[in-house]
Amino acid sequence: MSHLFAPITLRDVTIRNRVWVAPMCQYSAVDGVPNDWHLVHLGSFARGGAGLVITEATAVVPEGRISPEDAGIWNDEQQAAWSRIVAFLHGQGAAAGIQLAHAGRKASAYSGFTGRRGGVDDADGGWRPVAPSAVAFPGLREDPEPLDTAGIDRVVAGFGDAAERARRRGLRRPGDPRGARLPAARVPLAAVQPPRRRVRRRVRQPGEAAAGGGAGGPRARQRRAAPRPAVRDRLGRRRLGRRRHRAPGRAAA
Ligand SMILES: Cc1cc2nc3c(=O)[nH]c(=O)nc-3n(C[C@H](O)[C@H](O)[C@H](O)COP(=O)(O)O)c2cc1C
């Protein structure tokens, strides 16, 4: 039998199923701050029943962004914005993961949404990328700054700080308290869709009385008054179950 909908525990994190959303760059942040777009984008996967939702590649330092519109987690404003999103994901019963990233010499590039290609110049909001050497990535910025040991240490520290900010916001790689990049595990999104409920309704003929008196009738009133048990569907989401309706005069089981 498939384990797709079975919970899985990795160290101290239990994930409700194995439907996990891989990181997807949205190129929609302003100054690295995620916004309503990210809330809706990531939130909809959690609402749809995914077990783990992983953020897009999230830069640990400003110069590590792929494009000027990349999300980041190097300052308090970004941390607070992620906090709101993570609260929603958790509220929907999903675990939240983060992909911490540094683009190196591929930084300061135009995002696909701009319709332009290549490196973004300083005058257009770009910056000089940092890299292990001065060798440019073909087609992107031609002036990467080769890092010395101290520069590499700054990048390493950036990952450490970002992981700590993410950990405080509940964003992490399950099984890794440092919150590092999660190896991608993907499932077609179709699997995230909740099963549709079939609508069964018979059209009444003109003049025909509804069985039980219709929506305002005694049977409907009795149905509405009955308590609805809280149940979980096979994706692990909380749902209100069917009202248990006892026919008049029938004893409770
Ligand atoms: C719109 C979009 C954005 C993506 N952004 C990222 C990203 O931020 N980080 C990453 O590692 N992969 C990124 N990917 C790659 C996906 O995470 C995934 O690896 C890729 O879509 C292949 O998935 P598949 O193996 O299910 O076909 C992106 C893919 C898409 C379609």
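**Helix H1 and its surroundings**

Modeller: This is a predicted model. A place to begin is helix H1, whose buried residues pack against E3, E4 and H2.

Colleague: Which residues of H1 are buried?

Modeller: His38, Leu42, Phe45 and Ala46 are the buried ones in H1. Seen down the helix axis, the buried residues of H1 fall within an arc of 105°, so they line one face of the helix. The face turned away from the buried side carries Asp36 and Val40, which are exposed.

Colleague: How do you know that the span of H1 is close to the expected one?

Modeller: H1 has twelve residues, and at 1.5 Å a residue the expected span is 16 Å. From first C-alpha to last, H1 reaches 15 Å, close to that value. After H1 comes Gly49, with a positive phi near 110°.

Colleague: Why is Arg11 called exposed?

Modeller: Arg11 has 9 C-beta neighbours inside 10 Å, so Arg11 counts as exposed. Arg11 is in the loop between strand E1 (8–10) and strand E2 (13–15). Its phi is positive, about 50°, although Arg11 is not a glycine.

Colleague: What makes Tyr27 partly exposed?

Modeller: A residue is buried at 20 or more such neighbours, exposed at 12 or fewer, and partly exposed in between. Tyr27 has 18 other C-beta atoms within 10 Å, so Tyr27 is partly exposed. Tyr27 lies in the loop between strand E3 (20–21) and helix H1 (36–47). Phi of Tyr27 is also positive, near 45°, in a residue other than glycine.

Colleague: Why are E3 and E5 called edge strands?

Modeller: Three strands form an open sheet in the order E3-E4-E5, with parallel pairing. E3 and E5 each pair on one side only, and they are the edge strands.

Colleague: How do you know that E4 pairs with E3 and with E5?

Modeller: Two strands pair if there are at least two bridges between them. E3 and E4 have two bridges, in the parallel sense, and Trp20 stands opposite Leu52 in E4. E4 (residues 52–59) and E5 have six bridges, also in the parallel sense. Here Ala57 stands opposite Gln99 in E5. E4, helix H2 (residues 76–91) and E5 make a right-handed β-α-β unit.

Colleague: What makes strand E5 mostly covered?

Modeller: Seven of the seven residues of E5 (residues 95–101) are buried. Ala95, Gly97, Gln99 and Ala101 point one way, while Ala96, Ile98 and Leu100 point the other way, and all are buried.

Colleague: Which residues have the most contacts inside the largest nonpolar core?

Modeller: That core has 38 residues, and those with the most contacts inside it are Ala50, Leu52, Val53, Leu89 and Ala94. E3, H1, E4, H2, E5 and helix H3 (149–168) each give two or more residues to this core. In soluble globular proteins, nonpolar side chains tend to be buried together.

Colleague: What does the whole chain look like?

Modeller: The protein chain has four helices and nine strands, and along the sequence the pattern is β-β-β-α-β-α-β-β-β-α-α-β-β. Of its 253 residues, 32% count as buried. Among contacts with a separation of 6 or more, residues 24 or more positions apart account for 63%.

Note on methods: Residues are numbered from 1 along each chain as its sequence is written. This is a predicted model: local features need pLDDT of at least 70, side-chain atom pairs count only at pLDDT 80 or more; totals for chains, interfaces and linings use all residues. A crossover is right-handed if, with the strands pointing away from the viewer, the path from the first strand over the helix to the second runs clockwise. Two residues are in contact if their C-beta atoms, placed from the backbone, lie within 7 Å. A nonpolar core is a set of buried Ala, Val, Leu, Ile, Met, Phe, Trp, Tyr and Cys residues joined through C-beta atoms within 7 Å. The expected span of a helix is 1.5 Å times one less than its number of residues. The arc is that of the directions from the helix axis to the C-beta atoms.
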